[in-house]
Amino acid sequence: MVEAVEIKSTELIPGEFIETQVKAIADAVGDGEAINALSGGVDSSVVTMLGHKALRNRLKTYFIDNGVMRKDEPQQIVDMFKPFGVNVQIIDAQDQFFDALAGITDPEEKREAITQTFYKDVFGELVKDSGAKYLLQGTILTDIDETIAGIKRQHNVFEQLGIDPQEAFGYKIIEPVVQLRKDGVRKVGEALGLPESVFNRMPFPGPALSARVISEATRERIKTVRTATSIIEEELAETGAFQYMAILHQDKVTGMRDNQRDFGNQIEIRCWDSVDARVATPTHLSHETLTRLANRMVTEVPGVVSVTYNITSKPPSTMEAV
Ligand code: XMP
């Protein structure tokens, strides 16, 4: 296993980095084909552009609709990449993911279910159908650090855990941004000409909204957290925070509505200041903002009777709750 040597964002020369990685992808794939999954986040967007430069139409780019993405996300991503000549194909894999998540309550088992469904079932099939031998993906150094440290099994880390993707899934994985952290990837994204809305896009985890539902991620519970997420993203867009999210708790609490007992859901809001996701502190949101968020949550998200704001730093917290 070759260990990735970190390129600090202060030492990064984006033009040189792009040239080196485009050549590395072209050399590795030769005259074959590769596939990649674009989630629309900055890491996979940068990898898509590097792969597109190296392989043009020999790279097939897919958006996997796993049923746990945010509102309207699939079509937004397709539209976002059209101007770059990147043709993104949406794969509807919702049933496969919900079947895999059914009955799972443990956080790490949930992450494992997502990983297996992505890599074995969905990509495994796509690779078989296309004849591609390579999958390009946007793993970054922080994903590897946290997985090795045993903090959280990031959905996209294999080699460092002793898993050979070729053996396990039938294809090789190329990771062009594995030497970078989030701030470095953003710089490369800007140099690649991606719009600011993409290179400064808020991070979003591979397990998507299933990482934001404590306990079982059913269709109904995902719908609840999706609605809450839309509200938070609308209300906090101007804060400039690194990442903000809604988390649906497992425990219900007693609330009241129309003078009746309403035993309902709790939503936890998290909003983080961070540079590279390794450490983070909660953003000092004003009481007015928090009150507005709470009011919208209890009126616009069915079944929610309680809203809290997380005031813990990472560490010992992590950013996502699962
Ligand atoms: P945590 O929760 O570990 O999150 O403090 C740090 C950053 O990583 C994102 N995250 C993930 N990204 N696959 C990813 O691609 C994952 O499995 C995953 N888990 C967490 C998280 O959103 C935050 O930006």
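This dialogue reads several features of a predicted model.

Reader: Start with the domains. Which domains does the assignment give?

Author: The domain assignment gives domain 1 (9–199) and domain 2 (213–309). Their C-alpha centres lie 28 Å apart. To the contact, domain 1 brings 21 residues and domain 2 brings 17 residues.

Reader: What is the strand order in the open sheet of five strands?

Author: The order is E3-E2-E1-E4-E5, and the pairing is parallel. Strand E3 (88–92) and strand E5 (172–174) are the edge strands, since each pairs on one side only. From one strand to the next, the twist averages 35°.

Reader: How many bridges join E4 to E5?

Author: Three bridges join strand E4 (residues 134–136) to E5, and the two run parallel.

Reader: Now the helices. What describes two packed helices?

Author: Two packed helices are described by the angle between their axes and the distance between the axes. Here, helix H2 (residues 42–55) packs with helix H8 (residues 182–191) at an angle of about 40°, and their axes are 9 Å apart.

Reader: Why are H2 and H8 called oblique to each other?

Author: Angles under 35 degrees count as roughly parallel, and 65 to 115 as roughly perpendicular. The angle between H2 and H8 is about 40°, and the two helices are therefore oblique to each other. The crossing in which H2 passes H8 is left-handed.

Reader: Which residues of H2 and H8 make the contact?

Author: H2 contributes Val42, Asp43 and Val46, while H8 contributes Lys182, Val185, Arg186, Val188 and Gly189. By class, the residues of this contact of H2 with H8 divide into four nonpolar, one polar and three charged.

Reader: What is phi at aspartate 72 and at alanine 208?

Author: Phi of aspartate 72 is near 60°, a positive value in a residue other than glycine. Aspartate 72 lies in the loop between strand E2 (59–65) and helix H3 (73–81). For alanine 208, which is likewise a residue other than glycine, phi is positive and near 55°. The loop that holds alanine 208 is between helix H9 (196–199) and helix H10 (219–236).

Key: Residues are numbered from 1 along each chain as its sequence is written. This is a predicted model: local features need pLDDT of at least 70, side-chain atom pairs count only at pLDDT 80 or more; totals for chains, interfaces and linings use all residues. Side-chain values use heavy atoms; hydrogens and water are left out. Two strands pair if DSSP finds at least two bridges between them. Helices (H or I, at least four residues) and strands (E, at least two) are DSSP runs, numbered from the N terminus. Axes are lines fitted to C-alpha atoms, for helices over the stretch in contact, and angles run from 0 to 180 degrees between N-to-C directions. Angles under 35 degrees count as roughly parallel, over 145 as roughly antiparallel, 65 to 115 as roughly perpendicular and the rest as oblique. A crossing is left-handed if the near helix is turned anticlockwise from the far one by less than a right angle, and right-handed if clockwise. Contact means heavy atoms within 4.5 Å. Ala, Val, Leu, Ile, Met, Phe, Trp, Tyr, Cys and Pro count as nonpolar, Asp, Glu, Lys and Arg as charged, and the others, Gly among them, as polar. Domain bounds come from an automatic or database domain assignment.
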